[in-house]
Amino acid sequence: MRARFPDFRLGNVLATSFTATLTERRGDAVERIPTPERLVDWLAVNGLAVESCTTAQLELARKLRESIHAAATATAVQDALPASAIQVINDCSIQGRAAAVLTPEGNRQWRLSSASCVEDALSVIAADAISIIAGERDGRMALCASPTCQAAFFDTSQSRTRKWCDMNTCGNRQKKARFNANQRRNETAARTGVI
């Protein structure tokens, strides 16, 4: 029987979905790719299927993930990009072999060859990170408003004022906490007669 792992948080932007393989960065961190096999699963779910992954490749993937997170966070707060993060992202971007193909719907999609390895998939993720951090796509980098999360995400909402990396997790958690706080305040006011 296969071990039970936390579900993946999947988004519309490959690079920030990849950084979401480590969540609750400011709280009790949740590692969603704890094993090489789990990275293979995540890559397959995101259209970047590879045959296998070594422990060294998993470590490289995590290094890329943290570099993307650092650069995206710096972009979101309008700070200088960390040189070490730029180096890792660039190195991963240039080392892979992937091709951009056009789908029948007129969209760009990345395709790996049947002989592709983890480094080829990581190059696609790095290229996506470069695209959003460089401002080539319509949207802006932002940080999740959840105090335990603080994930960097790419906000493509019309107003560019999205607060949470994922409404189904961080957004709902924050709204529930606010609702419960209001309920307690109302109950206290009703008991004490102070309204």
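## Arginine 65 in helix α3

Arginine 65 is part of helix α3. In this predicted model, the residue has a relative accessible area of 3%. Because buried means under 20% relative accessible area, arginine 65 counts as buried. Apart from neighbours within four places in sequence, arginine 65 is in contact with Phe18, Thr19, Thr21, Leu22, Arg25, Glu31 and Ile33.

## The chain as a whole

The protein chain contains six helices and six strands. Read from the N terminus, these elements follow the order α-β-β-α-α-α-β-β-α-β-β-α. Along the principal axes, the C-alpha atoms of the protein chain fill a box of roughly 70 × 45 × 40 Å.

Of the 195 residues in the protein chain, 39% are buried. Contacts across the sequence can also be described by separation. Among contacts between residues at least 6 apart in sequence, 54% join residues that are at least 24 apart.

In soluble globular proteins, nonpolar side chains tend to be buried together. The largest nonpolar core of this model has 36 residues, and those that touch the most other members are Phe18, Leu39, Leu64 and Ile125. At least two residues of this core come from each of α1 (14-19), α2 (36-45), α3 (55-76), α4 (83-95), α5 (118-133) and β6 (152-155). Which helix gives the most to this core? That helix is α5, with nine residues.

Leaving aside neighbours within four places in sequence, leucine 64 is in contact with Phe18, Val88, Ile89, Cys92, Leu122, Ile125 and Ala126. There is also a second, separate core of eight residues, among them Cys149, Ala151, Trp164 and Cys165.

## Helix α2 and the residue after it

The buried residues of α2 are Pro36, Arg38, Leu39, Val40, Trp42 and Leu43. These buried residues pack against α1, α3 and α5. Just after α2, glycine 47 adopts a positive phi of about 75 degrees.

## Helices α3 and α5

How are α3 and α5 oriented to each other? Their axes come within 11 Å and cross at roughly 0 degrees. Angles under 35 degrees count as roughly parallel, and α3 and α5 are therefore roughly parallel to each other.

On the α3 side, the contact is made by Gln57, Leu60, Ala61, Leu64, Ile68, Ala71, Ala72 and Thr75. On the α5 side, the residues are Val118, Glu119, Leu122, Ile125, Ala126, Ala129 and Ile133. By class, the contact of α3 with α5 has twelve nonpolar residues, two polar and one charged.

## Helices α4 and α5

Helices α4 and α5 pack with their axes 7 Å apart, at an angle of about 125 degrees.

From α4, the contact involves Ile89, Asn90, Cys92, Ser93 and Gln95. From α5, it involves Glu119, Asp120, Leu122, Ser123, Ala126, Ala127 and Ile130. The residues of the contact of α4 with α5 divide into six nonpolar, four polar and two charged.

## Aspartate 120

Is aspartate 120 buried or exposed? This residue lies in helix α5 and has a relative accessible area of 1%.

Not counting residues up to four places away in sequence, aspartate 120 touches Gln95, Gly96, Arg97, Ala98 and Leu112. Aspartate 120 and glycine 139 are 19 residues apart along the chain, and their C-alpha atoms are separated by 26 Å.

## Positive phi angles in two loops

Where in the chain is glutamine 78 found? Glutamine 78 belongs to the loop between α3 and α4. Although glutamine 78 is not a glycine, its phi is positive, at about 55 degrees. Its relative accessibility is 75%; because exposed means over 50%, glutamine 78 counts as exposed.

Arginine 160 is another residue other than glycine with a positive phi, here near 60 degrees. The place of arginine 160 is in the loop between β6 and α6 (167-192).

Conventions
Residues numbered from 1 in each chain as written. Predicted model: local features only at pLDDT ≥ 70, side-chain atom pairs only at ≥ 80, totals over all residues. Heavy atoms only, no water. Core = buried A, V, L, I, M, F, W, Y, C linked by side-chain atoms within 4.5 Å. Buried < 20%, exposed > 50% of the residue type's maximum accessible area, 1.4 Å probe, protein only. Helix = DSSP H or I, 4+ residues; strand = E, 2+ residues; numbered from the N terminus. Contact = heavy atoms within 4.5 Å. Axes fitted to C-alpha atoms, helices over the stretch in contact; angles between N-to-C directions. Nonpolar A, V, L, I, M, F, W, Y, C, P; charged D, E, K, R; others polar. Parallel < 35°, antiparallel > 145°, perpendicular 65-115°, else oblique.
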